[in-house]
Amino acid sequence: MSIISRLFLGLLLVSALLSFAPGGEAHAAEPRVTRVDPVVRGGNLEIDADIEFELNQQLRDAAQRGVPLYFTADLTITRERWYWFDESLVDTSRTWRVVYNALTRQWRAGVGELSFPVASLDDAMSVIRHIRNWRVADAGDLSEGVVYGGQLRLRLDTSLLPRPFQVNALNSSSWAQGTPWMEFSFMLGDKEKNPS
């Protein structure tokens, strides 16, 4: 065998071994909605949901440098119609903001402009991963015994980032994080609609 053939086989063997070696970073599970629970409380239809959503290292670094991150949950609820397209009853979204203030060394999380202090980035993400008491409709607008279908997703909303980061988000897949749509269905019973 010539020296070039031996060198080529050696490089091929090394690259094969490296491809089977475990990586230095643990890869998080793909983001996904794990549970959606429509509940009637106080005459309103509210959504409770749990979401698996881990930030990659690039987003963590940006957040720790004070770049505000915005996460938007999109929700649609429809009713099937046999004679036409499905009727859209709810088409709404809710946006959370997570920001770190380097001067006060404090994390804040909240919906819209209303935010509260949290201990860490993970605590801020926990608020977003566990959606509770999201009022989406009046229960009076829904009929009992009818099956309603819905879809829910959560995404990093790059349109709300500062301009320089919007350009970066267009060029990098690290900024394109979001869950696929999760479909769910529910039906209101007589007791839920009229709790009295």
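This is a predicted model: local features need pLDDT of at least 70, side-chain atom pairs count only at pLDDT 80 or more; totals for chains, interfaces and linings use all residues.
Visitor: How many helices and strands does the protein chain have?
Guide: The protein chain has five helices and nine strands. Both are DSSP runs numbered from the N terminus: helices are H or I with at least four residues, strands are E with at least two.

Visitor: And in which pattern do they follow along the sequence?
Guide: The pattern reads α-β-β-α-β-β-β-β-α-β-β-α-β-α.

Visitor: What share of the residues is buried?
Guide: Of the 196 residues in the protein chain, 34% are buried. Buried means under 20% relative accessible area, exposed means over 50%, and partly exposed lies in between (1.4 Å probe, protein chains only).

Visitor: Which residues touch the most other members of the largest nonpolar core?
Guide: Phe71, Leu75, Val136 and Leu152 do, in a core of 44 residues. Strand E3 gives the most to this core, namely five residues. A nonpolar core is a set of buried Ala, Val, Leu, Ile, Met, Phe, Trp, Tyr and Cys residues joined through side-chain atoms within 4.5 Å.

Visitor: What does Leu152 touch?
Guide: Leaving out residues up to four places away in sequence, the contacts of Leu152 include Val33, Ala49, Asp74, Trp134 and Phe184. Contact here means heavy atoms within 4.5 Å.

Visitor: Asp74 is on that list; where is Asp74 placed?
Guide: Asp74 lies in strand E3, which covers residues 69-79.

Visitor: Is Asp74 buried or exposed?
Guide: Asp74 is buried, with a relative accessible area of 9%.

Visitor: Which side chains make polar contacts with the side chain of Asp74?
Guide: One is Arg153, at 2.8 Å, and another is Arg155, at 2.7 Å. A polar contact is a pair of N or O atoms within 3.5 Å; within protein, one must be able to donate a hydrogen and the other to accept it, and residues adjacent in sequence count only if both atoms are side-chain atoms.

Visitor: New topic: how many aromatic pairs are there?
Guide: A search of the whole structure finds six. Trp82 and Tyr83 have ring centres 5.6 Å apart and planes at 80 degrees, so they form an edge-to-face pair. Rings of Phe, Tyr and Trp (its six-membered ring) pair if their centres lie within 6.5 Å; planes under 30 degrees apart count as stacked, over 60 as edge-to-face and the rest as tilted.

Visitor: Are Trp82 and Tyr83 buried or exposed?
Guide: Both are exposed.

Visitor: What about Phe184 and Phe186?
Guide: The ring centres of Phe184 and Phe186 are 6.2 Å apart with planes at 20 degrees, so this pair is stacked. Phe184 and Phe186 are both buried, and together with Tyr148 they form one aromatic cluster.

Visitor: Lastly, what is the phi of Arg105, and where is Arg105 found?
Guide: Arg105 is not a glycine, yet has a positive phi of about 55 degrees. Arg105 is found in the loop between strand E4 (87-101) and strand E5 (106-111), and is exposed, with a relative accessible area of 68%.

Technical notes: Residues are numbered from 1 along each chain as its sequence is written. Side-chain values use heavy atoms; hydrogens and water are left out.
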